[in-house]
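User: I have a structure open and would like to go through it with you. Could we begin with how some of the helices pack?

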Amino acid sequence: MTLPFYLQKAVDLGLLKEEDGMIYSVEETAIATVMQAARLVEKLQPSTIAEREDTINQEAIVLTRVLSSASGTARELWSQLRTAFGVGHGQELPENLWSSEVFRAIAREVDMTFIGERTGKTISKDSIITGYESILKPSNTVSFSDFCETISELADRDTIKSYGDAESEWNTALDILKQKRVSSLFKETIYLSNQFLKTDQNLSKALEFMHERTMEGIGMLSGSIGNEGQIVDLTQSIIGDPGAGRLNWADYIINAKTQDQPISTGVPAFDLDIEGGVAPPRPHMPRAGRLMVVAARTGVGKTALGVHVAASLAKGGLTVGFLSAELENRSIEARLIANLSKGLVGPWHWRKTTPDQLGYVTVGELELPGATKAQERIAQIVAEVSMRLQQAGGKMLIEAPWGACVDTCINTMRSMKAKNPELRAVILDHFHALARHKGGSASNPSAMLEDRAYKLMTAAKELDIDLFVLAQMNRIGMDPTSNAEPQLNEIRGTDALAHVSHATWLIRKQKSDANEISRNLEVWHSKVRGRQALWKEGEGILESIKGFHEKSIIGIDYETASLERDDTIDEIENRKKTQGLNL
């Protein structure tokens, strides 16, 4: 009679004794020793192999597509990758996104370059290799030779061909990578949980481990990794440590000896509706990004107002971004320089000053300097603007992406924030000049504009910036002969932009007494979320105004893209005096 395989093995090893196919004796001491050894081996080196999904192809497609692209495209693709997984501007990509150590190391170097943690500024093979070589050797998780060999292969433009068409693959690669990596993470979690229970019978620890990994998987799948683990207990928020990167309320209040003075936009009508201006950056205390809308018809002066706001905030020491979907860089720069020359160098035009004095220059003189035959004088003024802006501690970041859609603009803002964490404000010129963006709403203009509005609101909160969006009005609400207040639904194509805004100003030309159009502009305070208040310089506080100021009158100097006059403060003071007399 033939014994079963494992029984025969035991007989052969002398653990059992057999006669005529029957077991009649057991070597108890040897059996006990074997079983103890088996249990020990199972704890130290489990015999069960974890079930894994192969996601190497999807990971390679993503990394190859990024590394083989031009630097600008590579940054945009990487920003899309971070967005797909919901990673915030100050956060790193999760390590579990990559299944191999070498891919993980390469992706981390790309990510560190993207968020400005490496000396190299471009996402390229050479820059990434240099960055990896420069970090401390103990920090290197893979050998330098393996790193270089793998990244060289991934950066080869021919590599992507082995995975199919580059464009079509990228459109699906992120979704496939997300699905497969979460599936793999799920299976690994089940396996590791079982092994965890074998080595440690603490059930609560096993459940905690499973919950942590499950939430990570849910975050990856839903594209909300940045929002995972952000729940804060109010008591801990007041007196404890609710987490890295945030002051608790007790420390915040004690350290706040004086109220932070907001930086003025240079437009009192705007300051009134946004708590005095834009709050300066404060370490470990997010300012909660807001979206503001400046809407007017073409030719009224939206861009000039946007330039004035950007220049005023920069003069106040802030880092400010200016994105234009209409003008090219030189045109934006000319307007900003002209504005800053008037605010920082002198209130008189340079032709009205003595040769040893400096004054301001106009936009036209900067765009066509040869026509003035005074290039040296203008160049001197421009150099003075640069020096004084640096002395003020401000910085202007300008981008004019050609044919940009909302996603491109948001990616640009992410890049600005990554390189300049102190970025506090961005001006977008303008909402209706953006190209159609990809997505299911693209065929419906109204739905597309609504989607665009929500994307911008989300970006402002994600990046903790105040976003000033310039927008177009339709003809109905902009009739200057009408005395009726323009309405929020008269923003062209959608009212969603106004709905998600913190403040909205509708601007039109003022009707003169002679029923003619004047040079003045009406600024209607059409949407204010909260109080109207202005900074009281002498007392160092924000003072709320009584009643509601519904309309301001302003004037623009178009030659320097700057604000010429604003009656907001005078009108409020006059009303206060009138109210005092009536008491």
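**Helix packing and other features**

Analyst: Helix H17 (residues 406-419) and helix H18 (residues 445-463) have axes that come within 10 Å and cross at roughly 5°. The model is a predicted one.

User: How is H17 oriented relative to H18, roughly parallel or roughly antiparallel?

Analyst: H17 is roughly parallel to H18, because angles under 35 degrees count as roughly parallel.

User: Which residues of H17 and H18 make the contact?

Analyst: On the H17 side they are Val406, Asp407, Ile410, Met413, Arg414 and Lys417. On the H18 side they are Arg452, Lys455, Leu456, Ala459, Glu462 and Leu463.

User: And what classes of residue are in the contact of H17 with H18?

Analyst: The contact has six nonpolar and six charged residues, with no polar ones.

User: How many residues of H17 are buried?

Analyst: In H17, 12 of the 14 residues are buried, and the helix is mostly covered. Among the buried ones are Val406, Ile410 and Met413, and Arg414 and Lys417 are buried as well.

User: What about its length: how far does H17 reach?

Analyst: From its first C-alpha to its last, H17 reaches 20 Å, close to the 20 Å expected at 1.5 Å a residue.

User: What does leucine 305 touch?

Analyst: Leaving aside residues up to four places away in sequence, leucine 305 touches Val267, Phe270, Val294, Ile507, Ile554, Ile556 and Leu563.

User: Going back to H13, why is it described as largely enclosed?

Analyst: Of the 14 residues of H13, 13 are buried, so the helix is largely enclosed by the rest of the structure. Just after H13, glycine 317 takes a positive phi of about 100°.

User: Where else is there a positive phi, in a residue other than glycine?

Analyst: One case is glutamate 275, with a phi near 60°. Glutamate 275 lies in the loop between helix H12 (268-271) and strand S3 (291-296). Another is alanine 561, whose phi is about 50°, in the loop between strand S12 (551-557) and strand S13 (562-566). Most residues other than glycine have a negative phi, and most peptide bonds are trans.

User: Is alanine 561 buried or exposed?

Analyst: Alanine 561 has a relative accessible area of 3% and is therefore buried. Glutamate 275, at 27% relative accessibility, counts as partly exposed.

User: Finally, what does the chain look like overall: how many helices and strands?

Analyst: The chain comes to 20 helices and 13 strands. Of its 583 residues, 47% are buried. Among contacts between residues at least 6 apart in sequence, 67% join residues at least 24 apart.

Notes
Residues are numbered from 1 along each chain as its sequence is written. This is a predicted model: local features need pLDDT of at least 70, side-chain atom pairs count only at pLDDT 80 or more; totals for chains, interfaces and linings use all residues. Side-chain values use heavy atoms; hydrogens and water are left out. Contact means heavy atoms within 4.5 Å. Axes are lines fitted to C-alpha atoms, for helices over the stretch in contact, and angles run from 0 to 180 degrees between N-to-C directions. Helices (H or I, at least four residues) and strands (E, at least two) are DSSP runs, numbered from the N terminus. Angles under 35 degrees count as roughly parallel, over 145 as roughly antiparallel, 65 to 115 as roughly perpendicular and the rest as oblique. Ala, Val, Leu, Ile, Met, Phe, Trp, Tyr, Cys and Pro count as nonpolar, Asp, Glu, Lys and Arg as charged, and the others, Gly among them, as polar. Buried means under 20% relative accessible area, exposed over 50%, partly exposed in between (1.4 Å probe, protein chains only). The expected span of a helix is 1.5 Å times one less than its number of residues.
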